Amino acid sequence: MSEELAGRLLQLRDATGRSLRELARDVHVSSSSLSRYFSGQAVPPWPTVVALCKSAGHDPRTLREVWERAKDGPRTNAAAPAPVRNDLPHDITAFTGRGEELNALLGAARNTSVVAIDGMGGVGKSALAVHAAHRLTVDFPGGQLYLDLHGFTPGREPVGPAEALRVLLAALGLPPGRIPDGVAERAALWRSELAARHAIVLLDNAADADHVRDLLPGAGQSFVVITSRRRMVQLDGVLPISLDVLPTEEAAALFVESAGGARPGDVGEVLRRCGNLPLAIRVAAARLRHRPAWTLDTLVERLREGELAVSDVFEMSLRQLDPAQRRMFRLLGRVSGTDICVYGAATLAGIPWSNARALLEELVDAHLIQEPTANRYRLHDLLRQAARADDAEPDDAEAIARLADYYLSGVLAADQALLHETAPLPLTITHPPELVPEMHSATDALAWLDREWPNIEAVFAQATELRLGTSVIGLAQVADVYFMRRGGLDRWEHMIDTAVSEAERLSDRRSLIWLRFHRGVARQRGGRPAEALPEFEAVRALLAEGGDLHVEFEVLQQLAELRMKEGDFEGAIGLLRQSSVIFPEGADFDVYRMLAKAREGLVLVRDGRYEQAREAVLSVIGIARARGDLQLERMCLDQLAGAALGLGDVQVALELSQQAVAHSRATGHQIFEAVSLTNAAVATRRLGRGTEALAVHAEALRIIEATGEQQYAIGVLTSYGETCRLAGDPVAAERHLDRALGLAVKLGIPTLADEARASIRLLRGHARGTSTRA
């Protein structure tokens, strides 16, 4: 079957905006048939392709060749299909018992779409679900998705439906730019995407029925398994499987298997002390397994200390830890993040990382923490509760402050690896970590940021709760390193708002100035220039009383950008030239003057003064190269490319744009990579290579959509639409141009809106002319 045809059909479905069921009615085929066509399992008849094109407003002739290739079968040199997603945790070792429930779950996968497993904490719901999902992997080739909803995770808010849907849609491969904002819209898209796949989805640790209602599938052949401590009686059509504690025979088998074999003594008494609860049994068995001299009677003797309750199992494990192990376990329980690495754990405890690694390995051996991937650790919910119940040596605030300093230091290291020129922010690192992970490249830095950001936001929330002002202020100020690349400006603004309150409480005037500046940047980039301007004006008022020249420079740069977007090019240039004379003469400040000059080149290009733009930027680029400043050099290359294109030097413009693309890839800046690719596509089109230009445009759009960056997407879409118009594809041209205009209006950027409108007028004028001639 043709993966290419299936992909094109999915694009048609997206363009219609209809659900699978509605689309099936429109084209007069069944929903199940459409699912097979969209997933590539079958090739539709040509009339069905024509009907889909008609519903999407697309010319079917462009698909005829693709359909013919799919109908005739795959070619020998066809590319292999992309691997499907498999997010399932490792299958549990020594899975024992639950035969009846496992068979029910496996059987349900053949005749129902949703199963909900409920039971008390520690009863083995997740273990059963994960084990069954691994058994079912072959039956669900469309992917295996896993999401912990944290419905009962101590110290963490449950993952809300909106965020859950975002994560799930991203796991299906959708870029951020295609994921809508509203819960209802995300839920509809999730059902539509899932209907076209044959996937298994495990939603672990749900709080209640309302928590997962929007995550349920619609039509199609996918299978969803939910686990929760509560029964899902409010959900219609969901098959319930309730777990109780293990029967004694199965509990005994689990204990013996987990303990590494039978031992002399009364296993029944051990099980009674563990309440036949699988998690408690595993913890007790781990104690025995690592003590060859113990008998079951020895274990029972330990269990008899204290009250006769399941919690005694955890207390017993804690009592057998030495002070260093117990302290590490207790501190890990205080951390609300998803997981933690060995460097973070070492800083949390304030000990050398080698000591921390040894302690973590010992806790893993005792089954008190888990190591889902190498050198990353997390706690089960019940064990987290046990850790939080241990009040020995309370030092939560100091420990969280140390961990916040670790993450702050890590973000700064990532920023340096990304070759970003960072202004001297007023940051306080009271507890410098012994080590942070090595980041040798932009790829390393971005991977670390992606992996750790949920933990950074979690420790930020804890620092806020504990009123750790310097930690809150520091993390908020450096968060732009992540959010400017990965989107989520609303979350950054929330962090800034929180940090502003802390700076005011601490009378930290310098931090307050920087935070108000950052809030203005977040609002401007988020498409709210009217709300950004008061922030910049407030910063200038504070600076009038004495302040930081770096902030004054940055504010003028942002105000110049606002003027440029409004079409006031002379006003923008005036502000940029004002910023360039703020600093005293000297090499230490040359980079700021060069930056202002390079941005002046951008304004001149936008205003059509190409020769002046070229002269301005040529005065900067040589120095940028000598300094090894790839970001500044990339900016110069983009402006020189724009000037060359305006002056008619198209081949030069293409070469300069390609150099800028290489620089952005080297620094991991996907937003600017997409901008430079768009410039390269325009130059390629001007050289008469239309097909090649369309491919470059498509790559630029894919990249910018993956970042979720709407402001820069406007130019990418406008240029793509113009190329589609000139290539004779008015349907695609109108789609891209309408999106560009909508974004420009939404974000309040009149100059870009005017460019999109001009292209739309050309498109519609051409269409009218063609119709008249016909």
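**Note on the predicted model: helices, sheets, cores and selected residues**

1. Helix H25, residues 509-525, has 17 residues and spans 24 Å from its first C-alpha to its last, close to the 24 Å expected at 1.5 Å a residue. This is a predicted model, and the points below should be read with that in mind. Of the 17 residues of H25, 15 are buried, so the helix is largely enclosed by the rest of the structure. Just after H25 comes Gly-527, with a positive phi of about 85°.

2. Helix H33 covers residues 670-686. Its 17 residues reach 24 Å from first C-alpha to last, close to the 24 Å expected at 1.5 Å a residue. In H33, 13 of the 17 residues are buried, so this helix is largely enclosed by the rest of the structure. Gly-688 follows H33 and has a positive phi, near 85°.

3. Next, the parallel strands. Strand E3 (residues 200-206) is joined to E2 by five bridges, and the two run parallel. Within this pairing, Asp-148 stands opposite Asp-204 in E3. E3 also pairs with strand E4 (residues 223-228), again in the parallel sense and over five bridges. Here Leu-203 has Ile-226 in E4 as its bridge partner. Seven of the seven residues of E3 are buried, so the strand is largely enclosed by the rest of the structure.

4. Gln-370 stands opposite Arg-378 in E8.

5. On the nonpolar cores: the largest has 120 residues, and those with the most contacts inside it are Phe-329 and Leu-332. Helix H20 (residues 396-417) gives the most to this core, with 11 residues. Apart from this core lies another, of 42 residues, among them Leu-128, Phe-140, Leu-254 and Val-300. In soluble globular proteins, nonpolar side chains tend to be buried together.

6. Beyond residues up to four places away in sequence, Leu-332 touches Ile-340, Ala-345, Leu-348, Leu-360, Leu-363, Ile-369, Leu-379 and Arg-384.

7. Another polar contact, at 3.4 Å, links the side chain of Thr-153 to that of Asn-205. Leaving out residues up to four places away in sequence, Thr-153 touches Asn-205, Asp-381 and Arg-384. Arg-384 is also among the residues that Leu-332 touches. Thr-153 has a relative accessible area of 6% and is therefore buried.

8. Thr-96 lies in the loop between helix H5 (64-72) and helix H6 (99-111). Is Thr-96 buried or exposed? Its relative accessibility is 19%, and buried means under 20%, so Thr-96 counts as buried. Not counting residues up to four places away in sequence, Thr-96 touches Glu-250, Ala-253, Leu-254 and Glu-257. Of these, Leu-254 is among the residues of the 42-residue core. From Thr-96 to His-518 the separation is 422 residues in sequence and 55 Å in space, C-alpha to C-alpha.

9. How many disulfides does a search of the whole structure find? The search finds zero. Cys-53 is buried, with a relative accessible area of 0%. Cys-274 is also buried, and its relative accessible area is 0%.

Definitions and conventions. Residues numbered from 1 in each chain as written. Predicted model: local features only at pLDDT ≥ 70, side-chain atom pairs only at ≥ 80, totals over all residues. Heavy atoms only, no water. Disulfide = S-S within 2.5 Å. Buried < 20%, exposed > 50% of the residue type's maximum accessible area, 1.4 Å probe, protein only. Helix = DSSP H or I, 4+ residues; strand = E, 2+ residues; numbered from the N terminus. Contact = heavy atoms within 4.5 Å. Polar contact = N/O pair within 3.5 Å; in protein donor to acceptor, adjacent residues only side chain to side chain. Pairing = 2+ DSSP bridges. Expected span 1.5 Å × (residues − 1). Core = buried A, V, L, I, M, F, W, Y, C linked by side-chain atoms within 4.5 Å.
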